[in-house]
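Let's take a look at how the chains in this assembly sit against one another. Have the structure open as you read.

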There are 4 protein chains.
Amino acid sequence: MEKYQKELDKWFKDNGWPYWSPHEILARLFEEGGEFARLVNHVYGPKKKKLEEVEQDVEEEIGDIIYTLICYANSNNINLDDAIRKSMDKVVNRDAKRF
Amino acid sequence: MEKYQKELDKWFKDNGWPYWSPHEILARLFEEGGEFARLVNHVYGPKKKKLEEVEQDVEEEIGDIIYTLICYANSNNINLDDAIRKSMDKVVNRDAKRF
Amino acid sequence: MEKYQKELDKWFKDNGWPYWSPHEILARLFEEGGEFARLVNHVYGPKKKKLEEVEQDVEEEIGDIIYTLICYANSNNINLDDAIRKSMDKVVNRDAKRF
Amino acid sequence: MEKYQKELDKWFKDNGWPYWSPHEILARLFEEGGEFARLVNHVYGPKKKKLEEVEQDVEEEIGDIIYTLICYANSNNINLDDAIRKSMDKVVNRDAKRF
């Protein structure tokens, strides 16, 4: 993720764009998550559409969610590789203890 | 809320519509919440639009969220008046203790 | 809902509590919705628990979501009965056309 | 992200864990997003706490959200690097046209 974080930060700096405030980014995360939810209901839910039509859209929404999180991470000095690593280790360690 | 719950239940029964599954209703809640989030960013966030343009939409999104919750409540035997009353009492009692 | 809206508004006024900002209320909505989502996965999802244990909690989370929306409505002059009525009429009219 | 996706997939395969269903993963996403929202209100909202106390937690929640998305991506054959790349390009291209 480091590559993506640096690349995005360079764009924002080069263009003089400020990051949004934390609450504004959070609202965007909710919005993007909601669009993802709509697609899950389209593909797997009561309003089924053809799978191929929305597969591309699902990829896009997930990309948008992660993009939003990169913005938050960049504007709050969070290293996403550290964050992902810790979350993955948590699952492995928690489940390793079960057996 | 009792009136709304009964009215909706009558429609669904009269038309032979089944309620969606809990997970499907939850996905819809996320979707409607996300549309509400988009509007909050439009009115109060970085992409400001004219207030009048979206006021009507905000009312609609909030209505859609509550409609979704009525569907969930009806299909899971939840009395929304009880639910609201308890949540309101919780706030009053919690904050009454502060002073 | 008028009764709930007025009652809540009276408390806030009597106690001199300000409503939160729209973005702050939205964040709370996301939080309460997320707690509701957790319960749906508990009752119907991969981490099944006993139904009775969480039924009470589900009612509480739905109440909290609607409470949060009442706060938003009160601080933005939205009439929730109008909002619910319009959302319900939309569904009835849309689906009436299908048949 | 390829590294994380493959690593997680290996764990699940090695341990014979199935991925959750799309709706179950979505509910988890909503839950994790809601916990993130709670922290944003803690750090920047009406219930301010000391920044240092929650900084660690914010990193953890963002990690959990991305972990959840990796699960979804793995179980639906989505390449997250492609997804992120497209979302980033979309922003750059859209904003490049503005100037």
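What share of the interface residues of chain C are also interface residues in chain B? Keep in mind that this is a predicted model. The share is 100%, so the copies meet through the same surface.

## How chain C relates to chain B and chain D

Two copies of a chain are related by a rotation about an axis and a shift along it.

The size of an interface is often given as the accessible area lost when the parts come together. Chain C and chain D bury about 1400 Å² between them, and 66% of that is on carbon and sulfur atoms. Who loses the most area on the chain C side? It's C:Phe30, C:Glu31 and C:Asn41, which together make up 33% of what that side buries to chain D.

Chain C puts 15 residues into the contact, and chain D puts in 15 residues too. Sorted by class, the chain C side that touches chain D has six nonpolar, four polar and five charged residues. How many salt bridges are there between chain C and chain D? The count is zero. Polar contacts do turn up: there are two residue pairs, both at pLDDT 80 or more.

## A closer look at A:Glu24

Over in chain A, A:Glu24 is part of helix α2, which covers residues 22–44. Is this residue buried or exposed? Its relative accessible area is 16%, which is under the 20% cut-off, so A:Glu24 counts as buried.

Which residues does A:Glu24 touch, leaving aside its neighbours within four places in sequence? From chain B there are B:Asn41, B:Tyr44, B:Gly45 and B:Pro46, and from chain C there is C:His23.

Technical notes: Residues numbered from 1 in each chain as written. Chains lettered and ligands numbered in written order. Predicted model: local features only at pLDDT ≥ 70, side-chain atom pairs only at ≥ 80, totals over all residues. Heavy atoms only, no water. Contact = heavy atoms within 4.5 Å. Buried area = accessible area lost by both parts, 1.4 Å probe. Salt bridge = Lys/Arg side-chain N within 4 Å of Asp/Glu carboxyl O. Polar contact = N/O pair within 3.5 Å; in protein donor to acceptor, adjacent residues only side chain to side chain. Nonpolar A, V, L, I, M, F, W, Y, C, P; charged D, E, K, R; others polar. Helix = DSSP H or I, 4+ residues; strand = E, 2+ residues; numbered from the N terminus. Buried < 20%, exposed > 50% of the residue type's maximum accessible area, 1.4 Å probe, protein only.
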